[in-house]
Amino acid sequence: MSVKTKLKHLLRRHSFLYKLRFKLLSRFETKESISELYYNKLNPISEIPKCFFEINTKIFSQSSTTFNDLEKVETIARWMILNIQRGRGLGLSSEDTVKTMTKEKGGVCSDFAQVFNNLCVINEVKVKEWGFKSVSKKKGIQGGHSFNEFYSKELEKWILIDTYKCIFFYKTNSDIPLSVFELFDTLKENKKVIFKNIEPTYFTDPVRVKDVYLSSNSVPFLITNYHNKTYDFYLKKFNYLPIFITHGLIYLLGKSYKFLFIREINFQPK
C-alpha cells in the first residue's frame, strides 16, 4: 500500500474524526418517533441513478412485480453476495460505488447497504439503513457495522437484513425473520437467536456474527435524512478532496444525514 493510499485511509478512518462525526450527528429518539423514517421518503425512484436500473434488469430475469417483498429482497441479496467482492471503504457517490463494486474492486458493509437502499427503492420496497456503534475493545469489530431493514407488506412487519453477510435473524421456534427491535428485545430477554444465510452457497462466520450482533457491546442507530442525490452531487463535485472534508461541507450546509439512537436501549454514544 502506497504512502498516499495509507494517508487517505487514515484521514477517512482516524479515531478522532470518527468520534467527532458521532458527536455532531447523533440524536436520541424513541421507537415510535422513527417508525415512519425510511430511505424511500427522501429518495424517490425518479432520483435513483440510471446504472441501478441497468443492474436491476440483471438481477430480475422477469418483472419483479411477480415477487412479494420478501422474495424481491432475497433475490437482490443473493445477487449482491454472488456478484460483488469485499474490499476497502469506497466513500464514493452511489453511482461510482456500484460501478466500482461490480467490477470486482469490492466495498465494505456501508457500501453494500447503500447499493441495497437504491435497489429497494427501484423495486418499491420500503428500506432503512442502520449502523452499529461498537464499544468493544476486540480488534476487527471496532468502528461498527452497517446493515438494513425492509418492510414486508405481506408479513406486515419490518425485517432486519444484512446483505454484507447475507443473513436474516430468527427466534428458534419461528421461520419469520426478526426486525431490529425484535432482535434486541429477544436478546434482552436472554432468549436464543439464530441466523440463516439467504444464499446457501455462502458461508458466514458465526463467531463474527456473534461479536457484531449478539453482543451487548453493539448498539444500533438509524441512519436518516440521507438524500442520495445531494451526496452524489457533492461527492462527485469535490472528489479531489478527502472525504471527511466533503462530508463536513454537507454538514455545514445543513444537509447531512443523522444518527438516531433509541432511548429505550439506554446508550450514550462516545
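Phe147 and Tyr213 are both buried, where buried denotes a relative accessible area under 20%, exposed over 50% and partly exposed in between, as computed with a 1.4 Å probe on protein chains only. The rings of these two residues have their centres 5.5 Å apart and their planes at 65°, so the pair is classed as edge-to-face. Rings of Phe, Tyr and Trp (its six-membered ring) are paired if their centres lie within 6.5 Å, and planes under 30 degrees apart count as stacked, over 60 as edge-to-face and the rest as tilted. Phe147 belongs to strand β3 and Tyr213 to the loop between α8 (206-212) and β7 (218-224), so the pair ties together parts that are 66 residues apart in sequence. Helices (H or I, at least four residues) and strands (E, at least two) are DSSP runs, numbered from the N terminus. The structure is a predicted model, in which local features need pLDDT of at least 70 and side-chain atom pairs count only at pLDDT 80 or more, whereas totals for chains, interfaces and linings use all residues. Residues are numbered from 1 along each chain as its sequence is written, and side-chain values use heavy atoms, with hydrogens and water left out.

In total, the structure holds 22 aromatic pairs. Phe147 and Tyr213 also take part in one aromatic cluster together with Phe132, Phe169, Phe184 and Phe195. A further edge-to-face pair is formed by Tyr151 and Trp158, at 5.4 Å centre to centre and with 65° between the planes. Tyr151 is partly exposed, at 22% relative accessibility, whereas Trp158 is buried, with a relative accessible area of 16%. Charged side chains are also placed over rings: Lys31 lies over the face of Phe181, at 5.0 Å from the ring centre, and Lys196 lies over the face of Tyr170, at 4.8 Å from the ring centre. For such an arrangement, NZ of Lys or CZ of Arg must be within 6 Å of the ring centre and within 35 degrees of the ring normal.

The count of salt bridges comes to 7, each being a side-chain nitrogen of Lys or Arg within 4 Å of a carboxyl oxygen of Asp or Glu. One of them joins the side chains of Lys236 and Asp96 (3.4 Å, N to O). Another salt bridge connects Glu182 with Lys157 (2.9 Å, N to O). This pair links distant parts of the chain, with Glu182 in helix α7 (residues 180-188) and Lys157 in strand β4, 25 residues apart. Glu182 is partly exposed, with a relative accessible area of 30%, while Lys157 is buried, at 14%. The side chains of Lys191 and Glu189 likewise meet in a salt bridge (3.4 Å, N to O); Lys191 is partly exposed at 48% and Glu189 is partly exposed at 46%. Salt bridges that share partners join Glu95, Asp96, Lys99 and Lys236 into one network.

Helix α9 (residues 228-237) contributes the buried residues Asn228, Thr230, Tyr231, Asp232, Tyr234 and Leu235. These buried residues pack against α5 (94-105), α6 (109-122) and α10 (243-252), with contact taken as heavy atoms within 4.5 Å. In helix α4 (residues 69-83), Thr75 is buried, with a relative accessible area of 13%. A polar atom of the side chain of Thr75 lies 2.7 Å from the backbone oxygen of Glu71. Leaving aside residues up to four places away in sequence, Thr75 touches Ile59, Phe60 and Phe67.

Glu156 lies in the loop between β3 (145-152) and β4 (157-161) and is exposed, with a relative accessible area of 63%. Cys166 is found in the loop between β4 and β5 (167-171) and is buried, at 0% relative accessibility. A search of the whole structure for disulfides, defined as pairs of cysteine sulfur atoms within 2.5 Å, finds 0. Cys109 is buried, at 14% relative accessibility.

Note on methods:
Polar contact = N/O pair within 3.5 Å; in protein donor to acceptor, adjacent residues only side chain to side chain.
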